[in-house]
Amino acid sequence: MNPLLKSIFSANFVFATLRVTTPILFAAIGVAITALSGSINIALEGIMLIAAFVGVIVSAFTGSLWLALIFGVLAAVGLAALLGYFHLNLKADIIIAAIALNMFASGITVFLTYIFAHDKGTTSSLKSLVFPSYQIPILKDIPVLGKMFSGLNVLTYFALICVVIFYYLIYKTPLGLRIRAVGQNPDAAESVGVDVKKVKMYSLLLSGFFGAFGGLYLSMGYVSWFSRDMTAGRGFIAIAAASIGGNLPIGTFFGSLLFGVVNTLAIFLATLKVPSELIQMIPYITTVLVLAIYAIQKSAKSRGEE
Amino acid sequence: MDTILSIRNIVKVYPNGVVANKGISFDIEKNTIHALVGENGAGKTTLMKILFGIETPQEGEIIYKGKKVHFKSPLDAIKNGIGMVHQHLMLAPDLTVAENLTLGIEPRKWKIFLDTDKMNEIAKRVSKEFGLEVPFDKRVKDLPIGVRQRVEILKALLRNVELLILDEPTAVLTPQESDMLFKTLKDLKKHGKTIIFISHKLKEVKQIADRVTVIRDGKVIATKDASELTEHQIAELMVGREIKSERIAPSPKVGEPLLEVENLDYINEENIPVLKSVSFKVRSGEILGVAGVEGNGQTELVEILTGLRRLTSGKVIINGKDMAGKTPREIRENGVSHIPEDRMKNGVAEAATIKENLIVDRYYKKPFSKGILLDWKYITNYGKKLIKDFNVLATSPDALVSSLSGGNIQKVVVARELSSNPSVIVADQPIRGIDVGSEELVHRLLKEARDKGSAVFLVSADLDEVLELSTRIIVLYNGEIVARFDDVGGLTGKDLGPYMLGVKREE
Ligand SMILES: Nc1ncnc2c1ncn2[C@@H]1O[C@H](COP(=O)(O)OP(=O)(O)OP(=O)(O)O)[C@@H](O)[C@H]1O
Ligand SMILES: [Mg+2]
C-alpha cells in the first residue's frame, strides 16, 4: 500500500484526529449553546485566546494546574460576560461587539506576552505546565483500539464529556428549555414571564465556560506554550461545525469531528511534495463546501415538509 | 359588584406617531366576561398590551384590585394574576406542547433537572380539565393553527389567572371548539375569574359576554350590558354608520374547469394518509366551498394546491397544466393566488414594509421592475392605491407590516392576492380577524373575482361563510370527500353537520 494511505488508515490517524478535534469541539459547543438562545457568537476566537494565555501565565507563575484552570475559565467567562454586557445592556450589535473583543483579546495577549515573557511571539521561555494525558485502564491494552483512544489528553476526554453535559443541559434542565424557547421565539418566552435578557446572558457565559477549555487545551495540551493568535480561526471553524450539526449536541460533535478529520488529513498530507499553501487551504475549502452543501440540502428539505 | 380593573384615560402614541388609544376609560367588574369590540385598528390589542405590561402608555392610569399599578413587563402582570392569549400566537415552534405549556414554571427533579413526566402530566391534566384537546408530545410547528390556539389558551389557564385577556381567541377555532372554549370561560367565571374577550364575531359576543365596550378610533363609544344591545346595534356602534348587508346573486356564467384535482393522495411524514383520492373541479365563475371540521385535511390540501407541500400521488391540473410538485412561483405564474390560513407564517414578512409585501409575488415583472432595478415610485403609488382600495388602516405604504393591527395585516394579504387578476383563488379563512365592515368588502371582492371568471376554492371554519359564498360545496372528513352539494339553495348547517362529523356519507 502507498505509505501515505497507510498512515491515513492507521490508529495514529484516529488518535491525531481526536487531538485536533478537541479545541474545535469545545468552541463549537460554545457557539451552539449561544446559537440556541438566538444569538450568533463569533467571539470564541477571543474567548479561547484569553483562556489559553491566562492558563499558561498562571501555571508558569504559580506552578498549579488547578489555578491555571480556574483562572483560565474565569478570564474566558469574563470576556463572554463583557460581550453580553455590550450586547444585552448597551444594545450593541453582537457581531460588532464580538469583533471588537476578538481584536482586544488578540492585542492584549500579545502585549502581556511581551511583559511576562519578553517576547512578542510566544511564551516558550516560561516554564508553564500542561494537562496530563491519561491511559484508560484495560482499553490501553487492547491492540488497535488502545492506540486510538487511550493516552489522549485529559481535556480531550473532557471535551467528549462536555457533549453529554451539553445534551443534558439543553434537553433536561429548565435553563436549557428556556434557552431554546428564547432562541425560537423571544416574545413567547417573555409572555410567560421568562427573563429573556438573563437567559441570553447565561448562554453567553456558558459559551465562555466551554470555550475556555478549548483555549486551555491549545496552550497546555496540544502544545506547551502560548503563541500569538494561536487559535488560528478555530473559533470560526467552530461556527461552521456547530451549524452543520444544527447546533444540537450530537450534530455539533460530528460537525467538529468532520473538521478534525479534514485538518488532520491536511497535516498528514504535508509530508507529500505538494506546496504546503495548497494543503493548508484544505480545511477552509472544506468549510465552505460543507456549508454550501448543507445549506442546499436544508432548503430542499424545508420545502419538502412545509 | 366589585370593580377589579379600572382603566383611566389611557393615551398611547406609537413611535411612528399613530395614536392608538386616545383617552380610553372604562371599568371591568370582577367575575364577569367583558367583551371588547371595535373595527380593525381601533386600538383593542394596544390597550391589552398595556394591561399586560408589553407597551407603556403616555398618559393615564390603571387601577387593579384597588391599587394603582404600573406593569413594566409581562412578568409583573403574570405575578399579579393576569394572563393573556395573544392575537398572534406566542409559542416556541420547535418545543413540544408540554414544553410550551410549562415554560417558565417548569416542574423540577432534584432541583436542577426538568421533570418531563410531570410536565406531560400537567399538560394532560389541564387539557382534560378544560376540555381542550392537545397532543402534548408533538412539536408546536407540526400542529395546525387551531390546535396551536388551544395550546395558547391552555398556557394562560394553567397559570392560575384571575384576570384573563383573550385577544381574538376564536378567530382560528372551529365553531365546535369555540363552543368548548365558551363552556370553559363560563366555568372560569363561576370560579370567580374575570375575562376580557375580544372578537369580531358579534354572535359570540352576544352569546357569552356580560358587558360590552365598543371602541372606535382609539376612543370608547359605549360600555353597556350585553343584553341591552343587539348584534346589529353593536356593529353600528363599531363603525359609526348604518350597515346594510347586500347579497349578490350567483354568477350566471359558469365556464370551463380551471382547477381540477384528480385522485389526490397525500401521506404525511408520519406515514398517516391525510388525503385519500380526493377529486374535484372548480370552474370559471364558481366558488367551491369546503366544509369540514378543521384538521380533516384542509390545510394539507391547500398547501398542496399552492405548492407549499408535495403530494404523494394524483394530479393537480390548473389552467390545463399539471402543476403537481411544482414550486409556488411556477404555480403562481400559472394564475393561482393564495390567501393562507396563517397570515403571520405564510402571508407576510413582518419586518418588511406594506408596499414590499404587496409586490413580493410580482416585483420581477413589469411595471414593478425596470430592467434590473425596481421602480420604487411606481411601487409606492401602487401601494397607496391598494391600501385605499382594500381599506387598510396604515400611515403609508412605507409602514412596517409589524406596526399594523391584526386585521389590517390580513387585509394586506388579501389585497396582494386579489389584485393579481388570478384565474384561480385559493382562499383559506379569507376573513380571519377582519371586522364586520371589512368582511363585507372581502366577500364582495371574492364574488367580483368570481363574476369576472375566476375559479375560487374557499376553505373556512365558519360554516355560515361557506354557505353564503359557495356555488357548490364539498365536505371533507378524515381526508376524504364524503359529500358533494351541487345545489346550495336552502342548504343549512344542519344538513352539513352529520357529514362533517363523519356520521353520514354519500354513496
Ligand atoms: N408596534 C406598532 N407600531 C406602530 N403602530 C402600531 C403598532 N401596533 C399597532 N399600531 C397601530 O395602532 C393602531 C391600533 O392597533 P391595534 O393592534 O391596537 O388594533 P386592534 O383594535 O387590535 O385591531 P384588529 O382588530 O385588527 O386586531 C393601528 O392603527 C395600528 O396600525
Ligand atoms: Mg388586534
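In what order do the 4 strands of the open sheet in chain B lie? Hello everyone, let's start there. Please keep in mind that this is a predicted model. The order is 2-1-4-5, and the strands of this chain B sheet pair in the antiparallel sense. As a reminder, strands of a sheet pair through backbone hydrogen bonds, either parallel or antiparallel.

If you look at the edges of the sheet, you will find strand 2 (19-29) and strand 5 (67-69) of chain B, each of which pairs on one side only. From one strand to the next, the twist averages 25 degrees. Let me zoom in on one edge. Strand 5 of chain B is joined to strand 4 (residues 59-64) of chain B by 3 bridges, again antiparallel. Within strand 5 of chain B, K68(B) is the bridge partner of I63(B).

Now for what lies against the sheet. Helix 1 (residues 44-51) of chain B packs on it and touches strand 1 (3-13), strand 2 and strand 4 of chain B. The direction of this helix makes about 115 degrees with that of strand 1 of chain B.

Which protein atoms are the donors of the magnesium ion (ligand 2)? They are OG1 of T45(B) and OE1 of Q87(B), lying 1.9 to 2.1 Å from the ion. T45(B) belongs to helix 1 of chain B, while Q87(B) sits in the loop between strand 6 (82-85) and helix 3 (97-102) of chain B, so the pair ties together parts that are 42 residues apart in sequence. T45(B) counts as partly exposed because its relative accessibility is 21%, whereas Q87(B), at 14%, counts as buried.

Let's move on to the aromatic rings. Over all chains, the whole structure holds 24 aromatic pairs. One of them is formed by F26(A) and F158(A): this pair is tilted, with 6.1 Å centre to centre and 40 degrees between the planes. Is F26(A) buried or exposed? At 0% relative accessibility, F26(A) is buried, while F158(A) is partly exposed at 22%. Ring pairs also link these two with F209(A), F210(A) and F213(A) into a cluster.

Finally, two lysines to look for. The charged end of K120(A) sits over the ring of Y114(A), 5.8 Å from its centre. In chain B, K109(B) lies over the face of W110(B), at 5.9 Å from the ring centre.

Technical notes: Residues are numbered from 1 along each chain as its sequence is written. Chains are lettered from A and ligands numbered from 1 in the order in which they are written. This is a predicted model: local features need pLDDT of at least 70, side-chain atom pairs count only at pLDDT 80 or more; totals for chains, interfaces and linings use all residues. Side-chain values use heavy atoms; hydrogens and water are left out. Two strands pair if DSSP finds at least two bridges between them. Helices (H or I, at least four residues) and strands (E, at least two) are DSSP runs, numbered from the N terminus. Axes are lines fitted to C-alpha atoms, for helices over the stretch in contact, and angles run from 0 to 180 degrees between N-to-C directions. Contact means heavy atoms within 4.5 Å. Rings of Phe, Tyr and Trp (its six-membered ring) pair if their centres lie within 6.5 Å; planes under 30 degrees apart count as stacked, over 60 as edge-to-face and the rest as tilted. Buried means under 20% relative accessible area, exposed over 50%, partly exposed in between (1.4 Å probe, protein chains only). A charge sits over a ring if NZ of Lys or CZ of Arg is within 6 Å of the ring centre and within 35 degrees of the ring normal. Donors are N, O and S atoms within 2.8 Å of the metal (3.2 Å for Na, K and Ca); water is not among the atoms, so sites may look incomplete.
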